[in-house]
Amino acid sequence: MEKHPGPLCVNPHELYFVRTQRSRGKMDKKRTENQNLCEKRLRVCVATCNRADYSKLAPIMFGIKSHPEEFDLEVVVLGSHLIDDYGNTFRMIEQDDFDIGSKLHTIVRGEDEAAMVESVGLALVKLPDVLQRLRPDILVIHGDRFDALALATAAALMNIRILHVEGGEVSGTIDDSIRHAISKLAHYHACCTRMAEQHLIAMCEDHSRILLAGCPSYDKLLSTHHREDYMDIIKSWLGDKVQEYDYIVALQHPVTTDIQKSIKIYELMLDALLSFNKKTLILFPNIDAGSKEMVRVMRKKGIEQHPNFRAVKHIPFEQFIQLVCRAGCMIGNSSCGVREAGAFGTPVINLGTRQTGRETGENVLHVRDADTQNKIYHALELQFGKRYPCSKIYGDGNAVPRIIKFLRTIDLDEPLQKTFCFPPVKDSISQDIDHILETQSALAVDLGGTNLRVAIVCMRGNIVKKYTQPNPKTYEARMQLLLKMCVDAMRDAVGLNCRILGVGVSTGGRVNPQEGVVLHSTKLIQEWSSVDLRTPISDALHLPVWVDNDGNCAALAERKFGHGKGVENFVTVITGTGIGGGIIHHNELVYGTTFCAAELGHIMVSLEGPECSCGSRGCIEAYASGMALQREAKRLHDEDLLKVEGMEMKLSEPITAGHLINAARLGNSKADAVLNKASTALGVGIVNILHIVNPTLVILSGVLASYYQAPVQRIISERALFSAQSIKVLTSELEEPALLGAASMVLDYATRRIY
């Protein structure tokens, strides 16, 4: 009988073949999965040309590298990165553990106009081979260098999508033309400021492809500038004897549209620094036309051998941050001075026209016509050693997450051909939440006698979120609570899609708004005299801070959001617990020599009137304020003359000004007489104001405004001079004038900044 062969009888050659086929099948399957994964990843090529643009691109590169499942990063290095005279800065890219896919020697030496043109041409010859080999889905380019223009031109002609970082800005030289040319070639834009966004929109770029991200370098500098080893870094570059805030950082580049003048300014700057006699760290200029002549000037003056100077070609960005942060002053025309230095409040002297048009913080002193050594020396005297409020015009430290999110939204199936949005231009307030284009907002603080309030207020005057706590009685507890509430609001602002531009504080008492100091407080707020509010809030939140009196804030609120909008001259009178206000004359607040010009509640209307909280007698506040009416109401109540028929009063209910007004409406002649005297006092006081400043309009604000409006209008018509009798008295329609006024200080400063 024939037996069937069992499993052990299989031909070994056949078994080997079966196993091999199975193994190949698994390998093919794995290879297919890897190919599918690669196909899903976005191939992003970042091209960097010099030390300056790498400081902006490196944070983006780290962000892309941290998401290997989504992005495939390629790095191309060209330009001055590869030149020994400029520090061979490609090495710092390698030290950051980035694989450089291509190094292109594209610089034609000569440092003149012809060499720049030839360098662009050489880059255009070499780039096509690299881009064809890498085949990126998108090329990331930064700024306004001639190398970047070559990159954008090559990529656009090879149908590669371009993301341009920091487009839309204005700086006043040939860089402007190059920057805008790159923007026109680019398909997507990651800009730093609202003004830059507006410029791109005005250039007819598609608003949906513009991301208001902030400057990527701020992500690094805001998170790393508080290093404990900063003194070691300072001493390693400037010597052991130097102290923080007692040295200068100098960085001056040639202006290619006026090379001879820029060389002259450089010479004058060096002379001024030699005379100023402070330790100075000076960086070599960039590779633009004219740089060779500037280096000759520096060497002719012996700067490299001078004991007060340290001349260097390159400093790693992390260390440069520490040096700028703690410098006594920065001088030159580098964009770092008008951008990054503002984040630390470092004083800056900007020389010449290279940064004309840039948005700057108040830390920058411009010397545009730097034609004498004495002018630059005087600027050094004014700026050296000062500290300014920290500015976040160019970013809040969250640019990279926004850019990464923006990259995820890029649809490679969309048509490659750009479309331009010709006028009418889209309204900038219309934003795309998917791209996190935040609403510009302010943090508003109202320090009242009873409550401490903080609010997030957007550009249109809407209160996005409000926080209220009882106002502590001591300075320490008050400041601790204030900072905690502000930090909470800052955290919530991120989730609410609001970009906080600064902090505005409204407080009772006499305030020096220039210094951000409460000089003398009202009796309602204890331990609140000679208090510097600006410094602790700015230091804690890393934001610029404005402080003003609550009456002035009410006037500012009306000017921006209320009846005073578009009115050149008007007066706001607050009728609340006290009497206060503000005067707007020729669209500006009137402060006076000692900041008490608008203490309207303390205008005297009687020589022998009731005692006022200020210590005098016969002030408007002593007659017409909520406290004065409450005092009279209690007097009538104690004499059993307040309550009338139809008036309900609970035994435990505290007596207020409201009871007095209610009693008068129900026919109480005593209460009516008190209110008539109060209305007359307020009306006469306002007539005095009309005769002094002659405004177009009077706006009554506060809880008593609606009651006083008609009587005050009547008294003006009866007692004012004929030419002032027609001035209207309106009741404010703003619910939160103190908060809105505090916010307007921030929002007005951010939106009308013109240099």
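The lining of the largest cavity in this predicted model has four nonpolar, four polar and three charged residues. Here Ala, Val, Leu, Ile, Met, Phe, Trp, Tyr, Cys and Pro count as nonpolar, Asp, Glu, Lys and Arg as charged, and the others, Gly among them, as polar. Among the lining residues are E169, H199, R358 and Y394. The structure holds eight cavities of 30 Å³ or more. On a 1 Å grid over the protein atoms alone, a cavity is a set of points where a 1.4 Å probe fits but cannot get out, while a pocket is an open set with protein on both sides within 12 Å along at least five of seven lines; lining residues have an atom within 4 Å of a point. Grid points are joined across faces, edges and corners, and a volume is the space filled by probe spheres set on the points.

| Space | Volume | Some lining residues |
|---|---|---|
| Largest cavity | about 60 Å³ | G168, T193, M195 |
| Second largest pocket | about 820 Å³ | N50, R51, A52 |

Let's stay with that pocket. In total, 46 residues line the second largest pocket. Which helix gives the largest share of its lining? That is helix 2, with seven residues. (Helices are DSSP runs of H or I, at least four residues; strands are runs of E, at least two; both are numbered from the N terminus.)

Helix 2 (residues 51–65) also lies across strands 1, 2, 4 and 5, running at about 160° to strand 1. Contact means heavy atoms within 4.5 Å. Axes are lines fitted to C-alpha atoms, for helices over the stretch in contact, and angles run from 0 to 180 degrees between N-to-C directions.

Now for the sheet: seven strands form an open sheet in the order 3-2-1-4-5-6-7, with parallel pairing. Strand 3 (100–104) and strand 7 (210–212) are the edges, each pairing on one side only. Two strands pair if DSSP finds at least two bridges between them. Strands 1 and 4 are joined by three bridges, and V44 has I138 as its bridge partner in strand 4.

A note on the numbers: residues count from 1 along each chain as its sequence is written, and side-chain values use heavy atoms, leaving out hydrogens and water. Local features need pLDDT of at least 70 and side-chain atom pairs count only at pLDDT 80 or more, whereas totals for chains, interfaces and linings use all residues.
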